[in-house]
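Reader: I'd like to learn how to read a structure like this one. Could you walk me through it, one feature at a time?

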Amino acid sequence: MLSIGDFSKICEVSTKTLRYYDEMGLIKPDEINPENGYRYYSIRQLKKMLFINRLKSYHFSLEEIKALLDWEEDQSDEKLRSALDRKKREIEDKLKAFEQTLQQISNDILNVEKGLPIMSYMDDIEVQLVETRPMNILYMRQMMSRDDYAFGYGKYFSRLYEKIATEKLTSLGTPITIYHSAEYNPASNDIEFAIPVKETVNGTRNLPGGLCAKSVLKGSYSELTSVYAKLREWIENEGYVMVKSPYEVYVTDPYQGTGPEDHVTEIYFPVKKI
């Protein structure tokens, strides 16, 4: 048997954390002295503690780790593999985001070295006034948190494409996202996912056409906020006002394996002259 101190040293986990894990039911001491309350762990528990440390290094929450431990004990290999695979994809997405951030920092360093303001790239964002045509769209509207965006986009567009295939509808364009919330709320945003179709069926509606300020983003979606800011600046400077919810048209499919640098997104702000 190992004292809680020795167990703590070997596994590099504080005794305070071990007591918390005991309260959570993650790993309990094999023996507690009834006279003095001293806690003792068995040698065989070292492997379990190291497994917990390993899962923590994968950024699983303690609640997730508890479920994973149960699955391992029950030999539910498929559930364990699925959870690890899901976490792997999450980390890969974060790595891609960090790579984009590193590239952005490198570009900013080059601009500073050239004596250019970091935000000077916004001067190159072009805005044009266009007249759009009305579209019949197959849509789904959801309240979503900021953290659900990436998962939600794939989930709801997939459902729309499944309906198009099941009901043999005719797709007339690329996916569209319409943002209805009056303000940004990371916990809850009103988002509509849509695909233009030929047929009018249950689940379709008319997206009116009209005058729009339009810009095109070629590159990572992380730059969309800059395009939105440029569009609002242009609208105010040119004497227009927004009249409907802004929307994005994904000219390239973000789920076809192309890199962020190959993404092409059209952004539309419906407007009218003041």
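Author: Let's start on a helix. Glu92 and Lys88 sit four residues apart in helix 5, about one turn of the helix. Helices here are DSSP runs of H or I with at least four residues, strands are runs of E with at least two, and both are numbered from the N terminus. One caution: this is a predicted model, where local features need pLDDT of at least 70 and side-chain atom pairs count only at pLDDT 80 or more, while totals for chains, interfaces and linings use all residues. Residues are numbered from 1 along each chain as its sequence is written, and side-chain values use heavy atoms, with hydrogens and water left out.

Reader: Which residue forms a salt bridge with Glu92?

Author: The general idea is a side-chain nitrogen of Lys or Arg within 4 Å of a carboxyl oxygen of Asp or Glu. Here Lys88 is the partner, and the closest N and O atoms are 2.7 Å apart.

Reader: Are Glu92 and Lys88 buried, exposed or partly exposed?

Author: Buried means under 20% relative accessible area, exposed over 50%, and partly exposed in between (1.4 Å probe, protein chains only). Glu92 comes out at 33%, partly exposed, and Lys88 at 48% also counts as partly exposed.

Reader: How many salt bridges are there by this rule?

Author: The count comes to 13. Among them is Glu266 with Lys214, where the closest N and O atoms are 3.7 Å apart. That pair links distant parts of the chain: Glu266 is in strand 12 (residues 264–273) and Lys214 in strand 9 (residues 210–218), 52 residues apart. Glu266 is buried at 19%, and Lys214 counts as buried at 14%.

Reader: Which residues do salt bridges with shared partners join into one network?

Author: Asp22, Lys28 and Arg39. In the Asp22–Lys28 bridge, the closest N and O atoms are 3.0 Å apart. Asp22 is buried, with a relative accessible area of 10%, whereas Lys28 is partly exposed at 48%.

Reader: Which residues are buried in helix 2?

Author: In helix 2 (residues 15–24), Leu18, Tyr21, Asp22 and Met24 are buried. Seen down the axis, these buried residues fall within an arc of 165°, so they line one face of helix 2. The arc is taken from the directions running from the helix axis to the C-beta atoms. Turned away from that buried side, the other face carries the exposed residues Lys16 and Glu23.

Reader: On to sheets. In what order do the three strands of the open sheet come?

Author: Two strands pair if DSSP finds at least two bridges between them. Here the order is 1-3-2, with antiparallel pairing. Strand 1 (2–3) and strand 2 (31–32) stand at the edges with a single partner strand each, so one side of each has no neighbour in the sheet. Two bridges join strand 1 to strand 3 (residues 39–41), and Ser3 stands opposite Tyr40 of strand 3.

Reader: What about cysteines: how many disulfides does the structure hold?

Author: A disulfide is a covalent bond between the sulfur atoms of two cysteines. The test here is a pair of cysteine sulfur atoms within 2.5 Å, and the structure holds zero. As for individual cysteines, Cys11 counts as buried at 5% relative accessibility, and Cys212 is buried at 2%.
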